[in-house]
Structure formats: structure tokens, C-alpha cells
Amino acid sequence: MGTSVQMTPLCGVYSENPLCYLLSIDGFNFLMDCGWNDLFDPNLLQPLSRVSSKVDAVLLSHPDILHLGALPYAMKHLGLTAPVYATEPVYRLGLLTMYDHYLSRRECSDFDLFSLDDIDAVFQNVTRLTYSQNYHLTDKGEGIVIAPHVAGHLLGGTVWKITKDGEDVIYAVDFNHRKERHLNGTVLESFVRPAVLITDAFNALNNQLYKRQRDQEFIDAILKALNADGNVLLPVDTAGRALELILILEHYWSQQHLSFPIYFLTNVATSTIDYVKSFLEWMSDSIAKSFEHTRDNAFLLRHVNLIINRDEFEKTAEIPKVVLASMDSLEVGFSHDIFVEWATDARNLVLFTQKGQFGTLARMLQVDPPPKAVKVTLSKRVPLVGDELIAYEEEQNRIKKEAALKASLSREEELKASHGSDTNAPDPMEVDASTSYVSSGSGLRSAGHLDVFIDGFTPSTSVFPMFPFFETTAEWDDYGEVINPDDYIIKEEDRDQASMQILHGDLDIKIEEGSARLLLDLTPSKVASTELTVQVKCGLTYMDFEGRSDGRSVKSIIAHVAPLKLVLVHGSAEATEHLKQHCAKHVCPHVYAPQIEETIDVTSDLCAYKVQLSERLMIDCMCTDIGDYEIAWVDGEVGKTDDMLTLLPLPSAPLPHKSVLIGDLKLADFKQFLASQGVQVEFAAGALRCGEHITLRKISDASQKGGSGPQQILIEGPLTEEYYKIRKYLYSQFYLL
């Protein structure tokens, strides 16, 4: 039978919640994304907590909070221990995204769901892959091959192809077919007839403007506010769609020689751009070619200034400016504080480029009509002073004394155990506690080996008074002195210092001094919060720069891919049902849209068998090279050899077979080839007119959706010398078998 495939949504179906799905292929469990929202609501992760221990591998598709935000929490609290796979940009930019969220949360709350060490622990174990790299799993996943492909939504964004026994399972969420300034479009259309396609319905009901019109409206809205002496705030993510916006602004400012300042404000802005500069091979072809010819790096920014703390931003000139600030939800971070400050001025503009998550301030401001006033909480971490500082220091001293006491007792117990195991060691001097008098302020303990008491000390009559001394005798074996492995374990404080060195050394992440103090716990502090009502007088505008294919394109791409079975996730209930009905009618009859924790079986109806080729059959094969492969026509019969299905030669000579042409002809490419051969050629009414009398038409089987059936190329014209010449050129475009 076919490869067994089951899929269970854990979050992100019939809603716009974060993405997280359990995909089981022949008993091997993949966790497809592990997202969280900007509110960090643990209730969303309850379904994940019930299956996290069963996960065998985690595949990450994009470097934003919706696709990987829950990883640190899941590995710390939910028992997730599986290896993680991602592309290099998803690894690097995802790490920066988590740092930015952590620092933003710590600045305004006592955030303790995960720590910086938890983030480091997750990303240090990520296996990084390149696009189109086939990675063969081992052990339990033997026979399964995973490969990342271009998604086109975020830098390094991935469409995952999982192959087992010749059947493909495609996981493609948040893809974009459009080529943008810094990204190529998705390659999803290159996959034809996969066994299962898992995709999202997020934009199924949305249609987009043309790119040039959208970009112009974006620039016009910004310039209108700036020319009216207003400021423009763009709430953005840390290292995702913000990159496209930066390039748009950088290009237009250079083209028009504008002087309005632009600021990119996140806790890791400098590190983000530094890394992006080194990811040119992951970007669009135009950026790569420009760098090859002129050595001009698109992210060598001349008009966008990078700022990593609020103090530096407040020192900027009081003139109209554009600020791209994290977070895009307006819940926390620099964008939240700047919005509160600028919202009361009618000259200012808040321009949203992404749909806000449900329950966030950004989503509240995107409704039509927007609210005239909103309640917000301003929180800031401030140093402790006065009685609070004294109480904090006393508590810390008490904790340190308890820790020291515990460590001392532990050492003494170890010492006792080591001497107890040495039969040749002299007995330690015993002190009779009943005849020893210790003052209450001496600080000595009445357990373990005690110091000699000066006042009231009465030694045993069997020994002379002396200070306690124990001679440690080393144990030896055939290989030398026996060592204690615990002596070589890195201490906790050394590990913390190493983590901080990794933070500031290997990653070279620049963060504000206040955040650094939070991480190192150098200054006792607390969070001071103030609730206030903000009158929203500024302009509020939403423009779609999310970088996802719109509804019309999604339907066209799915129809072209023509999967045998289709699973829809991540989208509103209305959008999911709309796309489900459309695909069931026009794409394939097997369309699924499961609920949370509903397991669906999407096992292929095809039967697959493993057959080995016998040596006698291989000797007679005439193989033809096709790219990286060799193919041959084989006539044989199936038999059994050592309980294995084996393809054996026929007992009699096989009948000759018809010639088979292998390849995929595109008329546009063939037109260029004929022109290079000196043939006059042009398109006319969907056909290729060659010379004066010959016409080529490409006909596909209408019963095969997506054009996956065998191609038929019709040559029309009189049997002249020109006809045979064109036919010869046509045959040269195929492999003959």
C-alpha cells in the first residue's frame, strides 16, 4: 500500500492563530512549525503539550514569531527534544527575532516564560540546510528525504518537500508567487501531482493591487504626512517584511534625493542588517547579479539609520521623520511607546503594512472606523531605590547564604563519602558535642567535621589534641589515577558567562545598555506601569505588504500543482470554507480542513512496492543519461528472490517498443531556439508559426488537471523540406528512449 500519512493540527486552523501541525509519515512524527503569538498565551500550546514528547523532528518554514515563537518554551517546559531543521536565514533571523521579543518583554514586564539561555539552547542545535538540498533522515526516519524550497514570503522562507517511497508531501504555507525587490517568487508551481499538499487559506478572499500601484500609494501616503510636518510610524517585525520596506524607502529616497530621515529601530537592528548583507545568495536574482557586476550590496543602506535604543532615538532632531519600529502588534516594544507619543497629533501617520493579530492593539486600530480613543499601559523598568533596594539586597543576601550553606554541606558529605571508601585512611578526630561549648555568634555548625574549639574543648583520652587533618589517598587502577568527572564539569556561573560571550561575540548582537543590565542582573530593578487613555487623532492606514499570494493566485497555483489530496490550514473560517469548496469543485475531490486535534488520514490510494532489479536484467539495460539520472526501458516479470520482489528478464525475447520522447517543451523556449537557427518564427493564436507553412500546437489532456498528463505536440503543414527540418529541431529538444 502507499505511504501512511496522518495530519493533526495543534494550532492555526479556522483562525489566524500561530501555525503548528503534527504530520506523521509512516510513524515518523514531524512538527511543522512551532509558532506563538505576540501575546505569548500558554493556553494556545495545550494541544502541543500533549504530543511534544512524540515529535521526532521539527521543520521551520519562516523566521517570525508565528512560525517559531514557541520553540524555547516548548523545549523548556513541554518536553520537546526533537532535532530542528531550517535554512540558514531562518536560523539567524529567527534567533534575532526571539532576542528582540525577549528584550522588549523584559523591559516592560517580569517575563519568565523562557530566558535568553533557552533561546540559545534551541538555536544552537538547529541543522541548517540550503534550498533544494536533499537531506536523508536516519534511524527511525530511514527512507524519508526532506528538502527546503523557496517560499518567497520571508528571507529564507521555506516550502518543505518530504519524500518517502517516491511519494511527495508538500508543506507550503505563507508563500508568494510575486518577485519582490529582495526575494524571488515561490517554486511551488514546479511541483506536479504530489500525494498531499498542505497549504493555507489566509488570503483566499483577498485580492491585491498591482505592485507598482501599491508601492506608489505607499510612498504618496508617507510623503503627504512628511510634507505636512508630521511623522510616520511603520510598526514592523524584527527581520521579516521590514526588509522589503527598507529597500522600497531606500530606493525612492535615492531616486528623489529626499532629506527626510528614516530610522530602523529594534533591539537588534544593527545585527539584523549585518546578517542580511551576507545572505545575498538567498535573495532575488536582480540583487545577486547587481552584486556580481558592481559589488553593490543592496543592504548597504545610505538613507536608513539603524538605532538600537530609545535614548539614541530621543536625541534625533525634531523634524518630520519615518520610523520603522518593532513590534508590528503594537503590544510591546519601541512601536508601542512611539505610538502613545505620536497618536495625539493629527499631522502624524501610523501606516500598518501587516494585518494585526487578534487581540492586539494593532488589530484594534485597523477596524473601520478606527476607535477615537484607546486604553494602553505604559511600562518601564526602573532601578530600585530606598527601602525597596534595602529589602531586595537583604533577600539576595539571605538567598546567597542559603546557597553557600547547602554547597558547604554537600562538600562535607562528599568528603565523608570519599574517606569512608578509603580503608587505609586514619580515622578523623571526633569531637564530643555534649562537652563542647560553642557561642551562638561563632557561626559554626554542629554537623560534620568541626573546627577545633578553643573554649571548653575536652579531647578524647585516646588521642592527643590536634587540628583535624585528613590525608587524601589517590586511587589507582591499571590506567593510572582514578579521576572524578565532577571536577571537570563547567560551573553554572561559567556557563552563564559563556552564554553571554556567545551573545556578544559570535552573534555580535548590539543591544541597549538597559537591556544588557537586565540580562546580566547587574542593577536591581522593577517594572513601573501606568495606565492611560490615548486620544487617537493621527492618521491610520493599512496597506498590504505581507508578501503572500492573493486569493486568485492561490487558486491558480493549487490547480496547477493538482495534488491528489489537499489539506487547508491557517485562515479564517470564512476563507477556509470558501477555498475548500472551490478546490473540491475545480482541483481534486479529496479536500480536508481539519479542526484542532482532529487527526485526518491522507494516505495515498496508490499502491507502492519495492522491487529490486536482478543482475541479469541490469546487464542488458541500455541506459541513457538525462541530467543527473540514467534511465532505460525495461521489459521483465516480477518474481521472488529471498522473500524480496525481484524484476527478472522475460523467458523469451521482448517485443520492440515504440520510441518514447522524454522532456518538457515550452513553446517560448523553442521559439528562441528556432530563431537562433535562422528560422522565421512567431506566435499566432496560441500556436507557433514556423516559416511560411508550418505550425506547432501544444495540446494537453483535458482530463489531467494541472497539465500533469502526457503532452501532445501537433505539427501542421505540407510535407516539405521545411517540415522535416522543423521536426528534426523539435526532436532535438527531447531525450529519445
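**Exercise 1. In what order do the seven strands of the open sheet lie, and which are the edge strands?**

Solution. In this predicted model, the open sheet has the strand order S6-S5-S4-S3-S2-S1-S24, with mixed pairing. Strand S6 (126-129) and strand S24 (600-601) each pair on one side only, and are the edge strands.

Next, take helix H4 (residues 88-108), which packs on this sheet and touches strand S5 (84-87) and S6. The direction of H4 makes about 100° with that of S5.

**Exercise 2. How many bridges join strand S2 to strand S3, and do the strands run parallel or antiparallel?**

Solution. Strand S2 covers residues 20-25 and strand S3 residues 28-32. Five bridges join them, and the two run antiparallel. Within this pair, Ser-24 stands opposite Asn-29 in S3.

**Exercise 3. Describe the packing of helix H6 against helix H7**.

Solution. Two packed helices are described by the angle between their axes and the distance between the axes. For H6 (residues 211-227) and H7 (residues 242-256), the angle is about 70° and the axes are 11 Å apart. Angles of 65 to 115 degrees count as roughly perpendicular, so H6 is roughly perpendicular to H7. The crossing of the two helices is right-handed.

Then list the contact residues. H6 contributes Asp-215, Gln-216, Phe-218, Ile-219, Ile-222, Leu-223 and Leu-226; H7 contributes Leu-245, Ile-248, Leu-249, Tyr-252 and Trp-253. By class, the contact holds 10 nonpolar residues, one polar and one charged.

**Exercise 4. What is the average pLDDT, and where does pLDDT stay under 50?**

Solution. The protein averages a pLDDT of 85, and 86% of the residues score at least 70. Over residues 502-514 pLDDT stays under 50, and the model has 37 contacts beyond four places in sequence for them. Residues 702-708 are also below 50; their stretch has 12 contacts beyond near neighbours in sequence.

How values were computed:
Residues are numbered from 1 along each chain as its sequence is written. This is a predicted model: local features need pLDDT of at least 70, side-chain atom pairs count only at pLDDT 80 or more; totals for chains, interfaces and linings use all residues. Side-chain values use heavy atoms; hydrogens and water are left out. Axes are lines fitted to C-alpha atoms, for helices over the stretch in contact, and angles run from 0 to 180 degrees between N-to-C directions. Helices (H or I, at least four residues) and strands (E, at least two) are DSSP runs, numbered from the N terminus. Angles under 35 degrees count as roughly parallel, over 145 as roughly antiparallel, 65 to 115 as roughly perpendicular and the rest as oblique. A crossing is left-handed if the near helix is turned anticlockwise from the far one by less than a right angle, and right-handed if clockwise. Contact means heavy atoms within 4.5 Å. Ala, Val, Leu, Ile, Met, Phe, Trp, Tyr, Cys and Pro count as nonpolar, Asp, Glu, Lys and Arg as charged, and the others, Gly among them, as polar. pLDDT is the predictor's confidence in each residue, from 0 to 100. Two strands pair if DSSP finds at least two bridges between them.
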